[in-house]
Amino acid sequence: VEESLRQNEFAPDWSALSFTADGQLRFKTEVQAEPWSGGANSQLLAGNIFVFSPNAYDLFAVSAVDGKILWHQSAAQIAGAAEQAASRIQSLAAGSDGSLWVVMSQAETLQMQSEVPEQAVLSVLNATDGSRRWSRTEINRHGLAIVLDAANRGYLTSGSSGFASSWTRQLDALSSTGQVRWTRYVDGTARAVFNGVIELSNGATLSTVDGAAKWLPLWASEPSF
């Protein structure tokens, strides 16, 4: 994805680019969105669909075959929120079952202050058309990251917000349909899942079965309920 400003206009053109293995341009698809705003700025492939968020507030999907735009939604639309709510895309993950997992943080007002309580919203969409499969909301939490295992189960890391904020983060292991399998409080963010193990950003590894510690670095604390 690349950004280029249009002359005398605030909103830039963003281009989704695809190249062959030897560097030949396959397609270039232009979309319009606000400038990058410190949000997810993420991109991934969900099967033959290229999904990207050029800023914190927009999500686009184009065909990886020919670059055709398939759908576009704002973060507020994905979260099912009023447009005046401050919804921001934080993390994306794609399942092998055609699902697209989108984590957003949302405040009640557009004035983002540390004392304003937030909520983390996880929406799982169909990658083909952006329709919602299911969603869940974590009150007084802000979304950090989502990773998936080979069985399309999610591992959601969130942090407390507002006056209750702290460095401790909550890790929820979710089924493919959103049921909580287990919860642990951790010092890092889940960033990868492989061979039945969750790797955290602080170097610790946990079991995907029950969240039990598999390996802890010297500076990490034991996960708890």
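Mentor: Before we start, contact here means heavy atoms within 4.5 Å. This is a predicted model, where local features need pLDDT of at least 70, side-chain atom pairs count only at pLDDT 80 or more, and totals for chains, interfaces and linings use all residues. Residues are numbered from 1 along each chain as its sequence is written, and side-chain values use heavy atoms, with hydrogens and water left out.

Trainee: OK, what does Leu100 touch?

Mentor: Skipping residues up to four places away in sequence, Leu100 touches Leu44, Val51, Leu59, Trp71, Ala93, Ser123, Val124, Leu125 and Ala127.

Trainee: And how many residues are in the largest nonpolar core?

Mentor: That core has 18 residues, and Leu100 is among those with the most contacts inside it, along with Val51, Leu59, Ile89, Val102 and Met104. A nonpolar core is a set of buried Ala, Val, Leu, Ile, Met, Phe, Trp, Tyr and Cys residues joined through side-chain atoms within 4.5 Å. Buried means under 20% relative accessible area, exposed over 50%, and partly exposed in between, using a 1.4 Å probe and protein chains only.

Trainee: Which elements supply at least two residues each?

Mentor: Among them are strand 8, strand 9 and helix 1 (75-79). Helices (H or I, at least four residues) and strands (E, at least two) are DSSP runs, numbered from the N terminus.

Trainee: Why is strand 8 described as largely enclosed?

Mentor: Seven of the nine residues in strand 8 (residues 86-94) are buried, so the rest of the structure largely encloses this strand.

Trainee: How many bridges join it to strand 9?

Mentor: Eight bridges join strand 8 to strand 9 (residues 99-107), and the two run antiparallel. Two strands pair if DSSP finds at least two bridges between them. Ala93, for example, has Trp101 as its bridge partner in strand 9.

Trainee: What about the hairpin they make, what does Gly98 do there?

Mentor: Gly98 takes a positive phi near 85 degrees, in a hairpin with four residues between the strands.

Trainee: Where's Asp97, then?

Mentor: Asp97 is in the loop between strand 8 and strand 9. It's partly exposed, with a relative accessible area of 36%.

Trainee: What is Asp97 in contact with?

Mentor: Leaving out neighbours within four places in sequence, Asp97 is in contact with Arg133 and Asn152.

Trainee: New topic: what's the strand order in the open sheet of four strands?

Mentor: The order is 4-5-6-7, with antiparallel pairing. Strand 4 and strand 7 (69-74) are the edges, each pairing on one side only.
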